[in-house]
Amino acid sequence: MNAIINYFETIPSSHRGLILASGIAFFWLIENAKPFVKFEYNKWKHAAINIFFTITTIIVNFCLAFLLLKAANYTTLNKFGLLQLLPNINIYLYTIVGLLLLDLTGAYLPHLVQHKIKALWRFHLIHHTDTFIDTTSANRHHPGESVIRFLFTTLGVLIIGAPIWLIFLYQTLSVVATQFTHANISLPKKIDAILSYFIVSPDMHKIHHHYKLPYTDSNYGNIFSVWDRLFGTFLYMNREKVVYGIDTHMQPIENNRLLNLLIIPFQKLRTPNQE
């Protein structure tokens, strides 16, 4: 465990980039070989749009990284945050508790808030406009949302009192998990159902990308599924009935053109339909 802690305390940016790129390549190959949905689309054009947003997310995170480092250092030096209140426990248990709490405060709750507050939904909406969900969709975030998500993450770090190695470990797991849950693949239904009691499974997240309410406002989990089940935001539907996208922006000119995706947050907000 000490080797893992030491590695993630000083993980090079190049390694983090390699993990992201390797994950996309790995799931890209799998979904090409055996896709869940045989989309009629230009996969490279679709990927180019999503990779643009991936790059802007990387740039935002790089420019604001000093805030995360300062927050982590502050909590460590001042014994501030929930993890600092724990008794001296086994490092493996400490890691699991830390990852769960980071998932709650830095991912689940911010995700839910972005769906409930209209000003934030304007930016998060771009992620939901994708009608061809595949592994490249994982980081389809408007630059404005990337800033919002980063600030929430930093706040979560302060609340939890997480050391930097735990933050980087969580972010690495998060990258792979989101690529997995967005990939255009399907597991045997029983295996997927069993997985969904512990982690967010592909079928569980497919439902979140259904184009109509109430399914869009469900299954907010990032890595762990416990928070959706605990807070009553878990919903189920047959994966064959899922229609990707968001009902307010179902036209290709709205959801598959980069310029329009960039300006959607500044357009008049449309009212979604209730299924």
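This is a predicted model: local features need pLDDT of at least 70, side-chain atom pairs count only at pLDDT 80 or more; totals for chains, interfaces and linings use all residues.

Biologist: Why are helix 3 and helix 6 called roughly parallel to each other?

Modeller: The axes of helix 3 and helix 6 (residues 143–160) cross at roughly 20 degrees and come within 9 Å. Angles under 35 degrees count as roughly parallel, over 145 as roughly antiparallel, 65 to 115 as roughly perpendicular and the rest as oblique. Helix 3 and helix 6 are therefore roughly parallel. The axes are lines fitted to C-alpha atoms, for helices over the stretch in contact, with angles running from 0 to 180 degrees between N-to-C directions. The helices themselves are DSSP runs (H or I, at least four residues; strands are E, at least two), numbered from the N terminus.

Biologist: What is the handedness of the crossing where helix 3 passes helix 6?

Modeller: Right-handed. That label applies if the near helix is turned clockwise from the far one by less than a right angle, and left-handed if anticlockwise.

Biologist: What makes helix 2 roughly parallel to helix 7?

Modeller: Helix 2 (residues 13–33) and helix 7 (residues 164–182) pack at an angle of about 15 degrees, with their axes 9 Å apart. That angle makes helix 2 roughly parallel to helix 7, and their crossing is right-handed.

Biologist: S22 is found in helix 2. Why does S22 count as partly exposed?

Modeller: Its relative accessibility is 37%. Buried means under 20% relative accessible area, exposed over 50%, and partly exposed in between (1.4 Å probe, protein chains only). So S22 lands in the partly exposed class.

Biologist: On to the charges. What makes K43 and D134 a salt bridge?

Modeller: Their closest N and O atoms are 3.5 Å apart. A salt bridge needs a side-chain nitrogen of Lys or Arg within 4 Å of a carboxyl oxygen of Asp or Glu, and K43 with D134 forms one. The pair links distant parts of the chain: K43 sits in helix 3 and D134 in the loop between helix 5 (118–128) and helix 6, 91 residues apart. Both K43 and D134 are buried.

Biologist: How many salt bridges does a search of the whole structure find?

Modeller: Ten. Another one joins the side chains of R239 and D203, at 2.9 Å from N to O. R239 lies in the loop between helix 10 (226–230) and helix 11 (252–255) and D203 in helix 9 (residues 202–208), so the pair ties together parts 36 residues apart in sequence.

Biologist: Why is R239 called buried?

Modeller: Because its relative accessible area is 11%. D203 counts as buried too, at 11% relative accessibility. R239 and D203 also belong to a network of salt bridges that links them with K189, K206 and E240.

Biologist: And how do you class the partners E254 and R270, which form a salt bridge?

Modeller: The closest N and O atoms of E254 and R270 are 2.5 Å apart. E254 is in helix 11 and R270 in the segment after helix 12 (258–263), 16 residues apart. E254 is buried because its relative accessible area is 14%, whereas R270, at 37%, counts as partly exposed.

Biologist: Now the backbone. What makes K79 stand out?

Modeller: K79 has a positive phi of about 50 degrees although it is not a glycine. K79 lies in the loop between helix 3 and helix 4, and it counts as exposed because its relative accessibility is 62%. N219 also has a positive phi of about 50 degrees without being a glycine, but at 1% relative accessibility N219 counts as buried. N219 lies in the loop between helix 9 and helix 10, and P214 is found in that loop as well. A cis peptide bond joins L213 and P214, with omega about 5 degrees.

Biologist: Last one: which residues make the nonpolar surface patch?

Modeller: L82, L85, L155 and I159, with about 380 Å². Patch members have over 30% relative accessible area and no salt bridge; nonpolar side chains (Val, Leu, Ile, Met, Phe, Trp, Tyr) are joined within 5 Å, and like charges within 9 Å. The areas come from the Shrake-Rupley method with a 1.4 Å probe, and for residues only the protein chains shown count as cover. L82 is partly exposed because its relative accessible area is 41%.

Definitions and conventions: Residues are numbered from 1 along each chain as its sequence is written. Side-chain values use heavy atoms; hydrogens and water are left out.
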